[in-house]
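Open the structure in your viewer and get ready to click along. We will go stop by stop, with something to select at each one.

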Amino acid sequence: MFKSVAELQQFMKDKGIRMVDFKMVDIDGRWRHLSIPVERFTEKTMVDGIGFDGSNYGYAPVEKSDMVFVPNLDTAMVDEYVEIPTLTMMGDVYVIGEEENVPFDQYPRNVSMAAEKYMRDEGIADQYIIGPEFEFYLFDRVAYEAKEEAVFCEVDTAQAEWNSGIVEGNSNKGYQVGRKKGYHADIPQDITYNTRAQMCMTMEDWGIKVKYHHHEVGGPGQVEIEVELGEMTEMADATMATKYIIKNTAIQHDRTATFLPKPIYNEAGSGLHVHMHMFKDGKPLFYDKEGYSGLSELALNFMGGLLKHARSLCAFTNPSTNSYKRLVPGFEAPVTIGFATANRSSVIRIPAYAKSPEAKRFELRNPDGTANPYYAYAAILMAGIDGIKNKIDPMTGGWGPYDFNLYELSEEQKKEVKALPRSLMDALDALEEDHDYLTAGGVFPEELIKIWIEKKREDAQLVNSIPHPAEFSLYYDL
């Protein structure tokens, strides 16, 4: 957006900006930030950057934790969620060298840019274009606790069917949405429409092009915002900004938003489906009129890479213990490793309506919103590149096409079809065994994968050690 610091300074003067805010990404995919008065932002800021302690972000050990954040002017946006007029921007992280600072190879944004560079250096494509679908729940309130004497979680929204019997006061208007009956629900049942519309308008103001928004299947407030496709690192930036906008707009409307894959038992889970295609010299690479479902050999090989590495990919695309409560049969979430056209039970779906060369693409349906988008999108690209370089054929690999309902397999058929991991521990074990495709070209540092596995195993071990309320129901009286 801005070509120079001088141009940005003039903009801030015209808009009455008083603070400059810097957004940085920790290892899990949360934004952290620090701010300086507008008077402190100079050309020197773009050269020397802002120093910070990287060990608190989950990356580096304490003895090697001094890092420098250098802002990216192209990401600068006015942040309307704060009282003091503030300009916020993302950027890149460097480690301090003896002569000059060098990009920190574990930083999420740097990993994403390294994957794109590897793709170009290998001569595969000029552009990798992706489009995520943001599914999430909007609740009126949430409460949770995990301590020695009490373990519980509770969510509520006025539109949930469990509130249809409320008789106290004058709050019940009788337009609740049934379980798994929310798809494209209209107002007055769709009580969060105005909240979502405001989210979309703010996203547009931030340069994030919205395709559409609607109520999703989950009756108690599950919704979706889908965006137009864009280049991978820019879309990872947009993913971080979108989640920020969604959460803060929800708070403004006295609601709370969550990207938890499965916040409600026995209801639809929330995914982060990722649509993708490639271009080279302006020409689409995924289209071939004679290929299966109009896909080129390169596209099929890309899918072959995704399917071959699907289990280890889950460690980055589905990195929470809650992720695997979503990946179960019966809720339009994939559980098996396969591909097909217009089949939402397969992990890769080829949209039947995307027929033109420029639109021909497919989507990966297992990722969810707990993923660090930079790592997840980069890992998907690296798996696809591995498939292209090694000409992995998804058909001879035994991954389909599965043009039938994969939830209705017989017991014998289930034995023949490969399955996604059933737990975070399973996915991490798969990543430990299968990650050479990620480290190719130095894109994912070996040390990052080691740190990631250790950290996520700690998460899984923590959750596994906490008594579950369902265990009281099952075993308390034995």
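Begin with strand E13, residues 222-227, where 6 of the 6 residues are buried. Keep in mind that this is a predicted model.

**Stop 1: a covered strand**

Show the side chains of E13. In a regular strand, side chains alternate between the two faces of the sheet. On one side of E13 you will find Gln222, Glu224 and Glu226, and on the other Val223, Ile225 and Val227; both of these faces are covered, and the six residues are all buried.

Now bring in the partners of E13. Select strand E9, residues 127-139: E9 and E13 pair in the antiparallel sense over 5 bridges. Look for Phe136, which stands opposite Val223 in E13. Next select strand E12, residues 210-215, which also runs antiparallel to E13 and is joined to it by 5 bridges. Here Tyr212 has Glu226 of E13 as its bridge partner. E12 and E13 form a hairpin with 6 residues between the strands, and Gly221 there takes a positive phi near 95°.

**Stop 2: a second hairpin**

Move to strands E1 (residues 19-25) and E2 (residues 31-37), which run antiparallel and are joined by 7 bridges. Click Phe22 and then Leu34 in E2, its bridge partner. This hairpin has 5 residues between its strands, and Gly29 in the turn has a positive phi of about 105°.

While you are here, select Asp21 and Lys23, whose side chains meet in a salt bridge with 3.2 Å from N to O. Are these two buried or exposed? Asp21 has a relative accessible area of 2%, so it is buried. Lys23, at 5% relative accessibility, counts as buried too.

**Stop 3**

Select Asp237 and Arg109, where the closest N and O atoms of the salt bridge are 2.8 Å apart. This pair links distant parts of the chain: Asp237 is in helix H5 (residues 232-252) and Arg109 is in helix H3 (residues 108-121), 128 residues apart. Asp237 is buried, because its relative accessible area is 7% and the cut-off is under 20%. Arg109 also counts as buried, at 6% relative accessibility.

For another setting, select Lys147 and Glu149, a salt bridge whose closest N and O atoms are 3.4 Å apart. Lys147 is partly exposed, with a relative accessible area of 37%, while Glu149 is exposed at 59%.

Then try a group selection: Asp28, Arg30, Lys455, Lys456 and Asp459 are linked in a network of salt bridges.

**Stop 4: patches on the surface**

Which residues gather in a patch of negative charge? They are Asp436, Glu446, Glu447, Glu454 and Glu458. Helix H13, residues 446-465, gives the largest share of this patch, with 4 residues. Asp436 is found in helix H12, residues 436-439, and is exposed, with a relative accessible area of 62%.

Now select Val151, Leu462 and Ile466, which form a nonpolar patch on the surface with about 220 Å² of accessible area together. Ile466 lies in the loop between H13 and helix H14 (469-475). At 30% relative accessibility, Ile466 counts as partly exposed.

**Stop 5**

The peptide bond from Ile187 to Pro188 is cis, with omega near 10°. Pro188 sits in the loop between strand E11 (150-156) and helix H4 (193-205).

That loop between E11 and H4 also holds His184. Phi of His184 is near 60°, a positive value in a residue other than glycine. The relative accessibility of His184 is 46%, so this residue counts as partly exposed.

Go on to Gly400 and Pro401, where the peptide bond is cis with omega near 10°. Pro401 is in the loop between helix H9 (373-389) and helix H10 (411-416).

Finish at Asp281, in the loop between strand E16 (274-280) and strand E17 (283-284). Asp281 is not a glycine, and its phi is positive, near 55°. Where does its relative accessibility of 64% place Asp281, buried or exposed? Asp281 counts as exposed.

Key: Residues numbered from 1 in each chain as written. Predicted model: local features only at pLDDT ≥ 70, side-chain atom pairs only at ≥ 80, totals over all residues. Heavy atoms only, no water. Patch = residues over 30% accessible without salt bridge, like charges linked within 9 Å, V, L, I, M, F, W, Y side chains within 5 Å. Areas by Shrake-Rupley, 256 points an atom, 1.4 Å probe, with all protein chains shown as cover. Salt bridge = Lys/Arg side-chain N within 4 Å of Asp/Glu carboxyl O. Lys, Arg positive; Asp, Glu negative; His and termini not counted. Charge placed at Lys NZ, Arg CZ, Asp CG, Glu CD. Helix = DSSP H or I, 4+ residues; strand = E, 2+ residues; numbered from the N terminus. Buried < 20%, exposed > 50% of the residue type's maximum accessible area, 1.4 Å probe, protein only. Pairing = 2+ DSSP bridges.
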